[in-house]
Amino acid sequence: MNRSEPYYLVCIGCGSKYSPSEVIYKCSKCGDLLSVEYDRKLMRNEVALRWRARALSVWRYAELLPIGDRSKIVSLGEGGTSLNRCNRLGRYLGLREVYIKNEGENPTGSFKDRGMTVGVTKALEMGMKRVACASTGNTSASLAAYAARAGMECIVLIPSGKVALGKLVQALIYGARVIQVRGNFDDALKMVEELCMIQPIYLLNSINPYRLEGQKTIAFEIWDQLGGRIPNKVIVPVGNAGNISAIWKGFRELYIMDLAKDLPRMVGVQAEGAAPIANMIKRGLNEIKFVEKPETVATAIRIGSPVNWKKAIRAIRESGGVAETVSDEEILSAQRLLAKMEGIFVEPASAAAIAGLIKLAKNGLVEQDDLIVCVATGHGLKDPDIILKQFERPVEIEVDVNTLIKILST
Ligand SMILES: Cc1ncc(COP(=O)(O)O)c(C=O)c1O
Ligand SMILES: [Zn+2]
């Protein structure tokens with residue numbers, strides 16, 4: 001490894017270091033996950049002075065992102081999403097300060113864009129011509145868009161019939177080669193990992209440590225938007241478990257750089273039918289028990305063998321956080337509640353975080369004065385079918401104002 005690089009890859013298991021110019025996704029010595037680490041000289045709080053001059057976005061934090069030539073960034077204007085204070089929801093739950101970080105505002109409607117702007121830039125930097133991923137929907141929508149932006153070929157594998165319609169049409173319109181696999185997400189991921197080992201195709205699932213670097217900017221933005229305060233709890237829906245790991249890494253970096261005086265507790269929420277991480281935390285186990293046939297209405301987190309489980313378990317345990325499971329009914333009810341109470345329409349996977357907060361509040365696991373941030377990971381319009389199934393068709397009337405008045409009075 002060339003020690004003059006400003007950043008490098010480190011194995012989270014055995015600590016082996018790798019050069020950023022290597023196309024590698026796992027440690028070649030022990031097979032564990034890799035993480036991007038920066039030269040300590042870069043981790044100085046003076047860098048934040050430069051951040052202030054830039055708009056709120058992923059690239060505001062360029063000094064802590066693993067890209068050499070910033071003139072070649074593949075961007076669609078990702079990040080800079082709203083952090084909405086939710087007073088009505090807070091009052092309903094007896095909590096003083098609840099915020100929603102609305103990641104649905106990203107270019108393709110989910111937090112994945114933060115990772116893809118970095119990951120696809122990296123693919124280009126490494127001279128790759130083709131990119132690929134397995135996806136429950138949002139990853140494929142995002143990768144397809146960024147690949148199109150970069151002029152690259154994109155291959156996506158999705159579980160047959162289990163991807164929300166809005167996400168599928170995104171991948172198609174951006175020109176990706178979409179392949180449905182007769183299996184679940186975990187099967188599709190294994191296949192695409194194998195494909196990328198055999199052919200020169202760059203893998204952009206969250207096993208790719210560069211993608212997670214982009215996603216850690218959720219933490220940086222929350223810190224910025226709260227004027228330097230750190231939440232007591234950050235609540236994140238968990239599927240393949242990359243995002244909760246990335247957000248924790250972001251907060252840790254702010255702390256190491258002395259930009260933040262505290263760290264949040266990370267709360268991971270999974271759907272009852274796909275909850276290997278939450279079950280491991282709740283039962284205090286040391287080994288994970290994967291779920292063979294994951295099932296939930298929240299298709300984005302319908303994952304039984306999360307590849308980043310070790311990083312996520314570390315994030316939750318190191319931070320003194322907790323994990324929670326929520327039923328499909330609780331997810332859909334939280335989705336309706338947030339939309340009606342706060343005007344924020346999120347997809348079911350994101351609503352899992354809100355359902356998790358409601359459960360923690362009921363069980364007295366959050367303090368009244370806690371500063372709480374829920375990460376709403378994706379936009380509600382991605383999955384309209386699930387809404388239509390729950391509502392009756394709107395009433396239809398003739399062109400007659402008296403009928404209208406009569407109907408409105410009932
Ligand atoms: C909307 C949404 N929320 C949450 C997740 C879970 O993120 P992760 O796989 O990083 O745990 C996903 C992943 O596809 C998603 O699309
Ligand atoms: Zn290793």
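**Cysteines, zinc and a surface patch**

Author: Start with Cys 133, which counts as buried at 0% relative accessibility. Keep in mind that this is a predicted model.

Reader: How many disulfides does the count come to?

Author: The count comes to zero disulfides. Cys 133 is in none, and its nearest cysteine sulfur, that of Cys 154, is 5.9 Å away. A disulfide needs the two sulfur atoms within 2.5 Å.

Reader: And Cys 374, buried or exposed?

Author: Cys 374 is buried, with a relative accessibility of 0%. Cys 374 is in no disulfide either; the nearest cysteine sulfur belongs to Cys 86, 8.1 Å away.

Reader: Which residues coordinate the zinc ion (ligand 2)?

Author: Cys 11, Cys 14, Cys 27 and Cys 30 do, each through its SG atom, at 2.3 Å. The spacing of these donor residues in sequence is C-x2-C-x12-C-x2-C.

Reader: Where do Cys 14 and Cys 30 lie?

Author: Cys 14 is in the loop between strand S1 (7-11) and strand S2 (17-18), and Cys 30 is in the loop between S2 and strand S3 (34-38), so the pair ties together parts 16 residues apart in sequence. Cys 14 is partly exposed at 42% relative accessible area, and Cys 30 is partly exposed at 41%.

Reader: What is the geometry of the site of the zinc ion (ligand 2)?

Author: Tetrahedral, with angles of 99 to 117° among the four donor atoms.

Reader: New topic. Which residues make the nonpolar surface patch?

Author: Val 395, Ile 397, Val 401, Leu 404, Ile 405, Ile 407 and Leu 408 make a patch of about 640 Å². Leu 408 lies in helix H15 (residues 401-408) and is exposed, with a relative accessible area of 64%.

Technical notes
Residues are numbered from 1 along each chain as its sequence is written. Chains are lettered from A and ligands numbered from 1 in the order in which they are written. This is a predicted model: local features need pLDDT of at least 70, side-chain atom pairs count only at pLDDT 80 or more; totals for chains, interfaces and linings use all residues. Side-chain values use heavy atoms; hydrogens and water are left out. Patches are made of residues with over 30% relative accessible area and no salt bridge: like charges are joined within 9 Å, nonpolar side chains (Val, Leu, Ile, Met, Phe, Trp, Tyr) within 5 Å. Accessible areas come from the Shrake-Rupley method with a 1.4 Å probe; for residues, only the protein chains shown count as cover. A salt bridge is a side-chain nitrogen of Lys or Arg within 4 Å of a carboxyl oxygen of Asp or Glu. Helices (H or I, at least four residues) and strands (E, at least two) are DSSP runs, numbered from the N terminus. Buried means under 20% relative accessible area, exposed over 50%, partly exposed in between (1.4 Å probe, protein chains only). Donors are N, O and S atoms within 2.8 Å of the metal (3.2 Å for Na, K and Ca); water is not among the atoms, so sites may look incomplete. Four donors count as tetrahedral if all angles lie between 85 and 135 degrees; four count as square planar and six as octahedral if opposite donors are over 155 degrees apart and all others between 65 and 115; anything else is irregular.
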